[in-house]
Protein chains: 2
Amino acid sequence: MTITHEEHARPDALRAAIRRGAWTGPTAGLAPGAAQANLVVLPQSDALDFLRFCVHNPQPCPVLEVTEPGSPEPVHTAPGADLRTDLPRYRVYRAGELAGEPGDVIDHWREDLVAFLLGCSFTFERALLAEGLPVRHLEERVNVPMYRTSIACRPSGRFSGPLVVSMRPMRPEQAIRATQVTARFVRAHGAPVHIGDPAAIGIAELERPDYGDPVTVHAGEVPVFWACGVTPQAAAETCRPELMITHAPGHMFVTDEEEIRQTVA
Amino acid sequence: MTITHEEHARPDALRAAIRRGAWTGPTAGLAPGAAQANLVVLPQSDALDFLRFCVHNPQPCPVLEVTEPGSPEPVHTAPGADLRTDLPRYRVYRAGELAGEPGDVIDHWREDLVAFLLGCSFTFERALLAEGLPVRHLEERVNVPMYRTSIACRPSGRFSGPLVVSMRPMRPEQAIRATQVTARFVRAHGAPVHIGDPAAIGIAELERPDYGDPVTVHAGEVPVFWACGVTPQAAAETCRPELMITHAPGHMFVTDEEEIRQTVA
């Protein structure tokens with residue numbers, strides 16, 4: 001699975017490569033400078049409740065764009081893109097059960113579907129690297145580890161569920177600097193939600209993430225947890241909407257929006 | 001029109017005073033420390049389009065809460081409050097025409113109505129005062145001046161319209177400090193959208209605001225403009241929904257949420 005330097009670097013070229021099946025892996029570190037986004041697609045009948053769930057839980061679910069019903073084009077964040085084909089991998093949930101992980105969702109698309117793009121922590125990772133802070137899953141070339149927590153989201157209509165978090169290990173003084181750096185990214189999960197004790201937020205084993213891959217925690221490091229856009233997938237498993245399509249964890253939609261724009265509302 | 005010290009100071013006591021008709025004026029400066037909110041009420045059939053409009057225009061329309069259809073209770077920001085009675089004055093628009101400015105909307109309420117609470121710039125005024133920065137409409141005991149601009153909001157579904165701004169005059173060095181102070185309030189309009197030249201954003205006469213009252217601009221001061229939650233009222237005039245209920249400009253809903261919470265997503 002190889003892509004060109006230009007496809008690695010530019011969001012539109014990367015999306016075209018993904019569309020033709022040339023890249024099917026996680027998107028962390030790709031198209032540096034472009035904001036990445038979580039995808040959630042639901043029938044219009046569930047769309048208002050879900051959007052209420054998002055605005056009531058802005059840390060895991062910062063809304064970047066919501067498409068017109070039936071349209072797969074995100075006209076604000078990536079005009080011309082197609083949300084049915086431009087992500088490396090999808091998850092299709094039917095009545096809350098994972099029904100498949102296809103490479104496109106052309107055959108699942110319907111005229112009543114509404115797509116939601118939510119901010120993603122991959123967006124602030126370049127800012128962490130620029131500060132000399134470690135991003136372990138990039139170092140180890142794996143998907144970021146993600147965990148369901150014991151923290152409940154605010155329910156809205158039929159949607160409820162646990163907060164899902166991503167984790168990056170670092171030394172305590174690095175965690176402080178990472179808090180300062182990421183707090184600015186208000187549209188990409190912002191500051192961490194927890195530092196230090198996985199058990200305090202209901203995580204039993206760091207070595208066994210619920211989504212993504214485990215990463216090494218070195219001596220002297222603590223786990224740092226950020227709210228994660230996989231939270232809606234946990235809500236889908238809890239609330240069982242008739243149909244819900246999402247990105248596969250770590251396999252994001254890459255927008256045309258500059259990541260620095262995620263630092264302002 | 002007098003209220004007690006406690007009613008002046010505490011959001012729940014203030015709402016009770018408003019409910020019984022003891023306070024019908026603007027809310028700037030009341031219940032210090034409590035976040036204030038713009039109100040928009042629409043039929044459920046318009047709710048998804050309007051919420052999309054809000055998330056695509058987060059600077060004028062930062063969403064704090066959206067009620068369950070039919071419920072007038074904001075369970076997250078002021079549990080127990082009643083949005084039909086707890087604002088000092090309302091505006092009722094029918095097909096885009098202002099149909100009245102009642103003191104409550106009990107008679108207009110329907111089971112299909114959804115209420116939206118949006119962040120308000122009154123929330124950051126105490127932070128401005130704490131920095132020694134002037135808030136002229138508080139000094140002059142009038143409503144804040146608000147203007148329709150030539151800046152278009154991002155349209156969503158049936159909703160479109162111009163950005164509405166509020167204005168506070170100050171010296172240039174004060175405007176810089178005010179930018180730093182308000183930029184943190186990401187859920188209350190954040191940093192200014194313009195400093196200095198009203199004509200550059202389509203404002204012909206500072207002395208004739210489109211909403212609220214004019215204020216004095218002293219020699220050496222420049223007008224500083226912030227995105228304003230009256231923007232949806234301008235959209236209502238443009239898009240003519242069947243029914244839209246809002247707060248009267250400057251007559252906000254006072255929540256129980258600490259204003260400092262508006263600095264984080």
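## Sheet in chain B

In this predicted model, Met146(B) has Ser166(B), in E7(B), as its bridge partner. Helix H7 of chain B, residues 231-239, packs on the sheet here, where H7 touches both E6 and E7 of chain B. The direction of H7 makes about 145° with that of E7(B).

Zooming out a bit, E6(B) is joined to strand E7 (residues 162-170) of chain B by 4 bridges, and the two run antiparallel. They belong to an open sheet of 4 strands in chain B, ordered E6-E7-E9-E8, with antiparallel pairing. What leaves one side of E6 and one side of E8 in chain B without a neighbour in the sheet? Strand E6 (146-152) and strand E8 (194-195) of chain B stand at the edges with a single partner strand each, so one side of each has no neighbour in the sheet.

## Sheet in chain A

Over in chain A there is an open sheet of 4 strands, in the order E6-E7-E9-E8, and the pairing is antiparallel. Its edges are strand E6 (146-152) and strand E8 (194-195) of chain A; each has a single partner strand, so one side of each is left without a neighbour in the sheet.

## Where the chains meet

Now for the interface. Chain B and chain A bury about 2100 Å² between them, and 60% of that is on carbon and sulfur atoms. Chain B puts 24 residues into the contact, and chain A puts in 24 residues.

How many salt bridges are counted between chain B and chain A? The count is 2. There is a salt bridge between the side chains of Arg52(A) and Glu68(B), at 3.4 Å from N to O. As for polar contacts, 10 residue pairs turn up across the interface of chain B and chain A, with both residues at pLDDT 80 or more.

## Chain B's side of the contact

Which elements of chain B each supply at least two residues of the side that touches chain A? Those are helix H3 (44-56) and strand E2 (63-66) of chain B. H3(B) gives the largest share of that side, with 7 residues.

By residue type, the side of chain B that touches chain A splits into 11 nonpolar, 7 polar and 6 charged residues.

How values were computed. Residues numbered from 1 in each chain as written. Chains lettered and ligands numbered in written order. Predicted model: local features only at pLDDT ≥ 70, side-chain atom pairs only at ≥ 80, totals over all residues. Heavy atoms only, no water. Pairing = 2+ DSSP bridges. Contact = heavy atoms within 4.5 Å. Axes fitted to C-alpha atoms, helices over the stretch in contact; angles between N-to-C directions. Buried area = accessible area lost by both parts, 1.4 Å probe. Salt bridge = Lys/Arg side-chain N within 4 Å of Asp/Glu carboxyl O. Polar contact = N/O pair within 3.5 Å; in protein donor to acceptor, adjacent residues only side chain to side chain. Nonpolar A, V, L, I, M, F, W, Y, C, P; charged D, E, K, R; others polar.
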